[in-house]
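Reader: I'm new to this one and I'd like a close look at a single part. Could you walk me through it slowly?

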Amino acid sequence: MEIKYNEQERTFFLSNGRISYVFGVEKDRYLMHLYFGRYIRNYRGISRPYFYDRGFCSNPLPEDREFSLDTLPREYPDMNQGDFRSPAYVIQTEDGRRVTRFYYKNYRIIQGKPELTGLPHIYTEEDQEAMTLCITLEDEIAEARILLYYTIFRDYDAVCRHVEVENTGKQELYLERLMSMSLDFPGTSYDVLTMTGGHINEKNINRRPLQSDAIVAESIRGCSSPQATPCIVLMEKEAGESRGEVWGANFVYSGDFQAVAQAGQYKSTRVQMGMNPLTFGWRLKEKERFTAPETVLVYSDKGLNGMSGTFHDLYRKRLCRGVYRDKVRPVLLNSWEAFEFQVNEEKCISLAKEAAKAGIELFVVDDGWFRNRSSDKRALGDWTEDKEKFPGGICRLSERIRKEGMEFGIWFEPEMVSPDSDLYRKHPDWIIRSPHYDPILSRYQYVLDLSNPAVCDYVIQAVSNILESAEITYVKWDMNRHITDLGSLCLDGKSQKELSHRYMLGLYFILDTLNRRFPEVLFEGCSSGGGRYDAGMLYYMPQTWASDNSDAVCRLKIQYGTSILFPPVTMGAHVSVVPNLQVGRLTSIDTRFAVAMSGNLGYEMDLCSLPEEEKEEIKNQIAFYKSIREVIQKGRFYRLANPQEGNTAAWNFVSEDENTVIYCYFQILSEAVRVNVPVKLKGLREDSVYRLAQDGSCYGGDELMHAGVTSPPVLKDFVSHVYVFNRIQEFSCSDCEKH
Ligand code: DGJ
């Protein structure tokens, strides 16, 4: 890993032996992007662009008609200097003008990676793991600096970028737009991949060609949202799951965002990621500094699987934190689909007894446990026990659950308040709203104004009181509506556009405080399912409930899409009842299990009402999962067949030590025209021999990966096959030749 500055060529060269990122200083002032891709030893500049005198091009250097910012490949483009493509930043000076001139000033190389205070970020454990380049741009007239940070990692094929703005003068500046990264690629012949969706339909993969204008993915919902994921991937046309060049950008942030891929008039492509300028604005007073969230850029020449592998490793090891980062995750049972709001102590204990017999390790009481919470119409915000439902309180419930041999966990939705609650009656001014209109309800609830420190303190205290009152080792942190009426009663008129980001800073502060206060608690994020399944949240909560849709077939698609960015260990996945509550589908317990065990396994059903054979089956499933969960949770994950496109889904996991392979194959619908299309496994050792645990037969890694595996035909819908292969030899042995 190295960062070099070539004095003569004025180029910065970041590389780790597998990827390189290069840019230079042009005309003493402007940053010019030169290369991001597969490792090159040196950059001498034969790919540098030529400049031409073109119509409508402005020339910032009067003597040079050929030089224009509108055609320059840029690192952090401005507005008002002749680059008419999407700007990375717009800063207003106190006189209301938005013309600035930030020029290259100097650079600094830092060993390691600086922290982003108050924001989630990729971290290092030792300085030797990474190097960071910090570039300073300066506008001497506006008296401000922009600092661009680039981190390259020894072990991951990623570059992290973030931006700071420093007001070095006396006037107040206003940040109108501040993207976290901007990158210009040569040519426009790319496909763009984004992820779209909705409630119970998260993470649909959406790939289409970039044409002559822009593709924008964004959220103004107050969170990253199920409708759009803060991610944009540029792919060469030929790239697919296993081959070709792809460049992925993922935002480490959970609030409103904008991701842009814009084709330029002279065949260049600009990609940007940052906070959404529609809901972002920031007053930067004298001597203040503002830090924008970070973007992770991943390059892969092994297609989407290669890109996902890098995101997975990086996020699992250097984004997720806490004791659960490296611990195996418990098999849990969640009370929601079994009881919804009608939970009580006796029902929970009966369910817990069955759960314990099945081998479940963690019992989670979901919504409905607190005072007055008989439906979703009331009580959010009043986080006190319901002594009618739980006469011994949460403390006795947790003790009784622990006596059954399980850990105990609990649900909260701390960012919200019901109008019918003591909290709202006492503090009607604590919600996000405009003073001029009645605030709009969603699921009968309002959003608390986390830009107000008093509200944050209340939330921290309310959650802490419960966590301190009993032995609780797990929290499900829910968020079930989006933000309307974007106004704060505690911010002055001029600062209202700061609210969205201040909300996120408040939330991150709350989560950070709770993480520190309760280091042994495993937090799982949720927003009506995977509505806030993003890299920002994973910094505080190492797992997320992937969707409120627990149907196995829908989940195949959702989990497949989720895996584009996030590793299976972060994915909450539960076996639920049939007919499924969201879609009414009947699927076998085997298939439901095969889908749920491909993430963090849980159950969400009334086990007491199941026939004995099914209980026995669940017990066997859990025992099996425990025997292989290290492979699922810590291994490498490879997508093999896409259920969002066809009738089959397939993926395989390879353990960290490469000795175990779990291969899952799903046939969605039974078809009259039956076909034999082997699925080629990935990530195995070609020269090794693997024994199939189910029948002892042996196969070379080369055969499994190149000839593939054909699954036996079954005349049924929603069929699953799970294969476990154990590596037994480096090369074929006489014993194996028999098979
Ligand atoms: C939405 C979540 O996604 C569900 O799992 C459940 O916790 C409900 N909220 C409870 O209100």
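In which loop is Asn80 found?

Author: Asn80 is found in the loop between β4 and β5 (89-92). Strand names like these come from DSSP runs numbered from the N terminus, where a strand (E) has at least two residues and a helix (H or I) at least four. A bit of background: residues are numbered from 1 along each chain as its sequence is written. This is a predicted model, where local features need pLDDT of at least 70, side-chain atom pairs count only at pLDDT 80 or more, and totals for chains, interfaces and linings use all residues, while side-chain values use heavy atoms, with hydrogens and water left out.

Back to your residue. Asn80 isn't a glycine, yet its phi is positive, about 75°. Most residues other than glycine have a negative phi. Asn80 is also partly exposed, with a relative accessible area of 38%. Here buried means under 20%, exposed means over 50%, and partly exposed is in between (1.4 Å probe, protein chains only).

You'll find Glu143 in the loop between β7 (130-139) and β8 (144-153). Glu143 is partly exposed, with a relative accessible area of 38%.

Most peptide bonds are trans. Pro579 sits in the loop between β29 (571-576) and α10 (589-596).

Rings of Phe, Tyr and Trp (its six-membered ring) pair if their centres lie within 6.5 Å; planes under 30 degrees apart count as stacked, over 60 as edge-to-face and the rest as tilted. By this rule the model has 46 aromatic pairs. One of them joins Tyr21 and Phe36, a tilted pair at 5.1 Å centre to centre with 50° between the planes. Tyr21 belongs to strand β3 (residues 19-26) and Phe36 to strand β4 (residues 30-38), so the pair links distant parts of the chain, 15 residues apart. Tyr21 and Phe36 are both buried. Ring pairs also tie them into a cluster whose members include Tyr5, Phe12, Phe23, Tyr104 and Trp247.
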